[in-house]
Amino acid sequence: MTRRSPSFLDLETLLSQAEYHDIDVPVAQDIVETTVSKRSGGGKAGLGAIALSGSAGSDFQFQSTYSLAPREKATVSKVIDGLIREKAVQVNPVGDSALSKDALIEIEGTARITAASVMSKVFFVFRRLMLARDINDLSELAHLDLEDADVAEGIQRVYLQNELLPLPMLLEVTGSSLPHKVYVNVRPDFFIDEASADRLEGDLRVLGSVSRLISSGQYRVTDEWLLHGWEFMMRRIMMAQIQDDLEEVTRQLQRLGLDVPDDDVHAYISGPAIVIDAIALY
């Protein structure tokens, strides 16, 4: 087994899984306290060479990162090795594997950010602008587009100046051992060092738990990613009429030169597919 260098790590969840499966963890409590204290200073948003602090009490928080010392990385690798050795983790399960909700799996493949997550940034900008302008009528969304100066400024900050937002990312992982589509939910915190949500694409391994099993012919709406932060009933109302809006947003983003495939995940995930909640990416 080789030492892993994670770019994303939910250490508390990993150690709780180790405790549940009776995996020996050296000074686990010390590691948790150390990493939690490293993340307690708030997040950061990168704007070119500038970093803006985000406090825990603000309405809009930002992605947060923390550091792992080499010894802590070694401990993490030992914990994952122990889970695999005790068969608590299914490694690269094949087509006939019996997957169940909450099962731990490790898969390897090529990850890319889905259109739902690309476009979630646009709806984040819209929501931030609605709050700034004290807009309460949902129909006013129809009047917000890239021709609006404030919208254009917000889009520039997000897409051109690399503002890192407090949005969970939905990745699609292709080339895995599973025959159906594989998606990974990545929370906006727990990134390690210089890693961030905009650096998740490419070859990687995912350790996580199965959160959704979507059978053939079934669908799962993507509002938890696409409209993250919006109130629940607002999300339901918007998702009922959002398909035309998504097509228009796609066209506007394509005019900006952003590659958003037409057949990508937009308003829903179609089965057969699974969604994995990421514990570690490496």
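**Exercise 1.** Work out why strand 7 (residues 169-174) can be called largely enclosed by the rest of the structure.

*Solution.* Five of the six residues of strand 7 are buried, so this strand is largely enclosed by the rest of the structure. Buried here means under 20% relative accessible area, with exposed over 50% and partly exposed in between, for a 1.4 Å probe and protein chains only. Strands (E, at least two residues) and helices (H or I, at least four) are DSSP runs, numbered from the N terminus. The model is a predicted one, in which local features need pLDDT of at least 70, side-chain atom pairs count only at pLDDT 80 or more, and totals for chains, interfaces and linings use all residues. Residues are numbered from 1 along each chain as its sequence is written, and side-chain values use heavy atoms, with hydrogens and water left out.

**Exercise 2.** Find which strands pair with strand 7, and in which sense.

*Solution.* Two strands pair if DSSP finds at least two bridges between them. Start with strand 6 (residues 104-113), which pairs with strand 7 in the antiparallel sense over four bridges, T110 having T174 as its bridge partner. Then turn to strand 8 (residues 181-186), which is also antiparallel to strand 7, over five bridges, and in which V182 is the bridge partner of V173. Strands 7 and 8 form a hairpin with six residues between them, and G175 in the turn has a positive phi of about 80°.

**Exercise 3.** Follow the pairing from strand 6 to strand 10 (residues 202-214) and on to strand 13 (residues 273-281).

*Solution.* Strand 6 pairs with strand 10 in the antiparallel sense over eight bridges, and I105 has G208 as its bridge partner. Strand 10 in turn pairs with strand 13, antiparallel and over eight bridges, with L281 as the bridge partner of V206.

**Exercise 4.** Describe how helix 1 (residues 11-20) packs with helix 3 (residues 70-85).

*Solution.* The two helices pack at an angle of about 40°, with their axes 10 Å apart, where axes are lines fitted to C-alpha atoms, for helices over the stretch in contact, and angles run from 0 to 180 degrees between N-to-C directions. Helix 1 and helix 3 are therefore oblique to each other, since angles under 35 degrees count as roughly parallel, over 145 as roughly antiparallel, 65 to 115 as roughly perpendicular and the rest as oblique. The contact (heavy atoms within 4.5 Å) is made by L11, L14, L15, Q17 and A18 of helix 1 and V76, V79, I80 and L83 of helix 3.
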